[in-house]
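Me: I have a chain open on my screen and I'm new to this. Can you walk me through it?

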Amino acid sequence: GSANSTAEPVPEAGAVVWKPLWKPWLNFGLVEDWTTYSPAQLPPHFADQIQFDRKSRQWAPVLYVNEFSLLPEDMIEVNRSLEGKSLSLQITYAPVDLWKWQFLVQMEYTMDMMPLAGVGSDPGASPSEDMRRMLVKTNPYLLAVTLIVSLLHMIFDVLAFKNDIQFWRNRKDLRGLSVRAVMMNMGCQFVVLLYLIHNSASTMVIVSSGVGLVIEGWKVLKACEVSVVRTASGWPVWVRLRDRSSYTAQTREFD
């Protein structure tokens, strides 16, 4: 039989496929801004938004199209399944406050820079879209509480690391300290770090756990005498840990 002339072409393997998408709404408006600007003083991501006329030394009003809250799942793919159907388009025009415009432009610039910096947990997911979805879909009060709790968690982590380092740096002997517990803490911290990486935890949590592992390793070096032992053939190389002289017999007995 003959081929169906209405069949859609099948893309080649590995080829980039471009699909038309319908945006169900359009939000735009003029930015309410009466500031006097100098072209040399604007950040690059703001300078692209403002058109200067160097002859009259004036700048044109900024017409901002707000697509920050437009997510991929909100758009509709235009294909043959929509034949005979109508698509709605909601158009909204409203003036945009200066602070809101600056915030949205700054956020869009940050989102565009995230993939270039290699930020992201899933290779198949876009970290900028995940961040945008979180900001758009999450309740503002819940988001503010989450940010405050995350900030406090980071501050407490820094204080705990600082006190831990200060204690071990000023320690002259190991009297009353459990060397076995230090080694066990390092092993547990290593397992926790692997678990967080495997489950694609947030970058802040992984970094905090990694710093904790480094500190635990440094404490092991402070608590034990570390030496490298080579075999007769030169390979493999073994690391030997021995108790320091300040690790008294009484402490070892309790340990």
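Reply: Start with a term. Buried means under 20% relative accessible area, exposed means over 50%, and partly exposed is in between (1.4 Å probe, protein chains only). This is a predicted model, where local features need pLDDT of at least 70, side-chain atom pairs count only at pLDDT 80 or more, and totals for chains, interfaces and linings use all residues. Residues are numbered from 1 along each chain as its sequence is written, and side-chain values use heavy atoms, with hydrogens and water left out.

Me: OK. How many helices and strands does the chain have?
Reply: Seven helices and 10 strands. Both are DSSP runs, numbered from the N terminus: helices are H or I with at least four residues, strands are E with at least two.

Me: And what share of the residues is buried?
Reply: 20% of the 255 residues count as buried. The chain exposes about 19000 Å², and carbon and sulfur atoms supply 61% of that. Such areas come from the Shrake-Rupley method with a 1.4 Å probe; for residues, only the protein chains shown count as cover.

Me: Let's take helix α5. How many residues has it, and how far does it reach?
Reply: Helix α5 covers residues 179-198, so to speak 20 residues, and reaches 29 Å from its first C-alpha to its last. That is close to the 28 Å expected at 1.5 Å a residue. The expected span is 1.5 Å times one less than the number of residues.

Me: Which residues of α5 are buried?
Reply: Val-179, Val-182, Leu-193 and Leu-196. Seen down the axis of α5, the buried residues fall within an arc of 100°, so they line one face of the helix. The arc is that of the directions from the helix axis to the C-beta atoms.

Me: Why would residues three or four places apart point the same way?
Reply: An α-helix has 3.6 residues a turn, so residues at that spacing point the same way.

Me: What does the face of α5 turned away from the buried side carry?
Reply: The exposed residues Met-184, Val-191, Tyr-195 and His-198. Just after α5, Ser-200 takes a positive phi of about 55°.

Me: Where is Ser-209, and what is it in contact with?
Reply: Ser-209 sits in helix α6. Ser-209 is buried, with a relative accessible area of 6%. Contact means heavy atoms within 4.5 Å. Leaving aside neighbours within four places in sequence, Ser-209 is in contact with Gln-189, Val-192, Leu-193 and Leu-196. Ser-209 and Gln-189 are 20 residues apart along the chain, and their C-alpha atoms are separated by 7.2 Å.

Me: Is Lys-219 buried or exposed?
Reply: Buried, at 7% relative accessible area. Lys-219 is also in α6, which is residues 203-223. With neighbours within four places set aside, Lys-219 is in contact with Asp-164, Trp-168 and Val-182.

Me: New topic. How many aromatic pairs are there?
Reply: A search of the whole structure finds two. In one of them, Phe-167 and Trp-168 are edge-to-face, 6.2 Å centre to centre with 85° between the planes. Rings of Phe, Tyr and Trp (its six-membered ring) pair if their centres lie within 6.5 Å; planes under 30 degrees apart count as stacked, over 60 as edge-to-face and the rest as tilted. Trp-168 is buried at 6%, while Phe-167 is partly exposed at 39%.

Me: Last one, the strands. Which way do β2 and β5 run?
Reply: Antiparallel, with four bridges joining β2 (residues 25-32) to β5. Two strands pair if DSSP finds at least two bridges between them. The partner of Phe-28 in β5 is Val-65. Val-65 lies on the uncovered face of β5 with Leu-63, whereas Tyr-64 and Asn-66 make up the covered one.
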